[in-house]
Amino acid sequence: MANRSCKDLPDECWELILNKLHHRHHSHLESPSLSCKRFLSITNALRTHFAITDPALIGPLSNLFHRFPRLSSLDFTAFRGGDLDRFIIDVAVSSDFDLIETLNLSGTELPLLGLKILGFRMKNLKSLNFSHLRTLGDVHLEVIADSMPCLEDLDISFPLHEGSVTDRGIEVLSSKLKGMRIIAISGNELLTDNSLIALSTNCVYLTHIYVIDCSLVTPFGIEFVLRNSSNLNLLSVSDIDFGPLDDCSFRCARNLSDLSIYDSVVPDEYLHLLAKNSGIPLEGFTLSMEFQPMSSCFTFCGISSLLNKYRSLTFLSLAAIDFLTDEKMSDLSQCLSALDTIWLDTCIGLTESTFFTLAKNCPLLENISMQETNLGGGGGDKAADIVKNPRIKFLNLENNPKLSDECLAKLALRCPNLEVLDVSSCKDITEKGIADFLKSSSKIRKLQINECGGIMNIGNGFELTELEVLGAARSGINDDGLVAIGNRCGKLLELNLNGCLGVTIVGLEEILRNCERLRKMNLTSCFSISSDTIGWMVFSRPSLRKIILSHSSLPSESQRKLLLHRGCLVLSGVAQ
């Protein structure tokens, strides 16, 4: 058995191996697919999702489904190929289109005729994303209800033209699609409690409801959902003036595992009532007050009673809560031993002391977000009390103006296995701080230094073998910085240089020569880069798949089509 060569392995074994690469990043399959026809066939079979930007690239639709036999998801959000309605109709009449289960048309404009044909052909469609649609009304919901009987997941949130979807449309939809499980109706200003009553009454399998920015929805509608949707797992609401709910409401919500409340009036009595019903299997809890004044709202007592009862929480978000301090978070951390993710964004009373406490008291913690807090504001730290947490992989420290190089080094010391760091808009961070950080964090995969004008270079030294994404928009990165990036980041996939005025073709040459896997570049407002250089970039680095430019730097339409046939989409920064 040990003497068998790789070519003797069955396709099923190679599929398992290549699937590991596919889960890390879809681009990692590109090299194996080019090595031989057998690997090309296997990698094509692994692909289930396809984003269509221009129909000219794929030719006859039958070719697409023949090449990717397991294709079940299509994404049209970046469609730039002309008449979307006409193309959707062509797709719909394809004999293989009944394989599609997920369709994303977010941000597009699909006329009614295309939707009707689409619906009547897609009998197996389960998930439809219609968010941020330019045209959306009750008539569209009626077509969906009549023609997509298997639909389980529908997103109609935040239409660009408000006032088109009403309770009537939701009532018709819910009465005909009784198998609906997930629905997002956020941002539809005309919807009232009647929509929630209809959904809860007709769709008994509902597990997720998103009701953000629906100003006519009241606590009565929320209470009705809690009482009557026995399968509800997730409820996300905003702008609700909560009073004490009937105790029965939470007792009925026996499957509720994720509750998110944004910008609402939430008295302590509400949190105490939730704590009283600790039989609810709550795993995730969000309380965000970014746009809601704290008057007549909850106190530390309410939060503490809730977290004491739900010690099994794995996700917690407490955003824009002014009364939280390092001392209070130290008390709360005693209840958070099961936590793997915490967001404390815009809690301005928190310093690095809270970070150190969480790293010490929450052994399972993997993700921390402390945007716009007071990191670097003087939190105590004793060298002898340093506790490393090897599970922490993700840190978002964006917009902490007091965060210094010294403080960043202390934070990094607690996270030896960090993979993602965002210090965007942290103005006191210098290139020395970033260089020192990268010396101690060799496993970093994604680094965001956007809006850090003092960072012109990430330093020199050993290769950063894991770094795949670097965001440096409106930073100080110049040609010398690009040389360092090219020398250290050979496996880079994405690079954002939007607004980096010191970038010229000299620095880009180093990047394109050394970053052989580079797929996406954002060069918006890099005024030294002209349309004449884009063709050279695509032909010198065949791995490029997307280049984003200022409108004034775009090549001609014929040139863009030529580059698109080479596999690279070139588009304006406003269209990304």
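These numbered points comment on a predicted model of a protein chain.

1. Overall make-up. The protein chain has 576 residues, and 52% of them are buried. Its secondary structure consists of 21 helices and 21 strands. Of the contacts with a separation of 6 or more, 74% are between residues 24 or more positions apart. The accessible surface is about 24,400 Å², and carbon and sulfur atoms contribute 52% of that surface.

2. Helix H7 and its surroundings. Helix H7 covers residues 138-147. Seven of its 10 residues are buried, so H7 is largely enclosed by the rest of the structure. The buried residues are Asp138, His140, Leu141, Val143, Ile144, Ala145 and Ser147. Their cover includes helix H6 (112-121), strand E4 (127-129), strand E5 (153-155) and H8.

3. The packing of H7 on H8. The axis of H7 comes within 8 Å of the axis of helix H8 (residues 167-176), and the two cross at roughly 5 degrees. Because angles under 35 degrees count as roughly parallel, H7 is roughly parallel to H8. On the H7 side the contact is made by Asp138, Leu141, Glu142, Ile144, Ala145 and Asp146. On the H8 side the residues are Arg168, Gly169, Ile170, Val172, Leu173 and Lys176. By class, the contact of H7 with H8 has six nonpolar, five charged and one polar residue. Asp138, Leu141, Ile144 and Ala145, which take part in this contact, are also among the buried residues of H7.

4. The packing of H19 on H20. Helix H19 (residues 505-514) and helix H20 (residues 532-540) pack with their axes 10 Å apart, at an angle of about 15 degrees. The two helices are therefore roughly parallel to each other. Their crossing is right-handed. H19 contributes Ile505, Leu508, Glu509 and Leu512 to the contact, and H20 contributes Thr533, Trp536, Met537 and Ser540. Five of these residues are nonpolar, two are polar and one is charged. As background, an α-helix has 3.6 residues a turn, so residues three or four places apart point the same way.

5. Helix H13. In H13 (residues 300-309), the buried residues are Phe300, Gly302, Ile303, Ser304, Leu306 and Leu307. Two helices, H12 (268-276) and H14 (326-333), are among the elements that cover these residues. Strands E10 (284-288) and E11 (315-319) are also included in that cover.

6. Arg391. This residue sits in the loop between strand E13 (367-369) and strand E14 (394-396). Arg391 has a relative accessible area of 36% and is partly exposed. Leaving aside residues up to four places away in sequence, Arg391 touches Pro363, Leu364, Leu365 and Glu366. Asp340 is 51 residues from Arg391 along the chain, and their C-alpha atoms are separated by 8.9 Å.

7. Ser425. The phi angle of Ser425 is near 65 degrees, which is positive in a residue other than glycine. Ser425 belongs to the loop between strand E15 (420-422) and helix H17 (431-440). Its relative accessibility is 16%, and Ser425 therefore counts as buried.

8. Ser525. A positive phi, near 60 degrees, is also found at Ser525, a residue other than glycine. The loop that holds Ser525 runs between strand E19 (520-522) and H20. At 22% relative accessibility, Ser525 counts as partly exposed. The cut-off for buried is under 20% relative accessible area.

Methods:
Residues numbered from 1 in each chain as written. Predicted model: local features only at pLDDT ≥ 70, side-chain atom pairs only at ≥ 80, totals over all residues. Heavy atoms only, no water. Buried < 20%, exposed > 50% of the residue type's maximum accessible area, 1.4 Å probe, protein only. Helix = DSSP H or I, 4+ residues; strand = E, 2+ residues; numbered from the N terminus. Contact = heavy atoms within 4.5 Å. Areas by Shrake-Rupley, 256 points an atom, 1.4 Å probe, with all protein chains shown as cover. Axes fitted to C-alpha atoms, helices over the stretch in contact; angles between N-to-C directions. Parallel < 35°, antiparallel > 145°, perpendicular 65-115°, else oblique. Left-handed = near helix turned anticlockwise from the far one by under 90°. Nonpolar A, V, L, I, M, F, W, Y, C, P; charged D, E, K, R; others polar.
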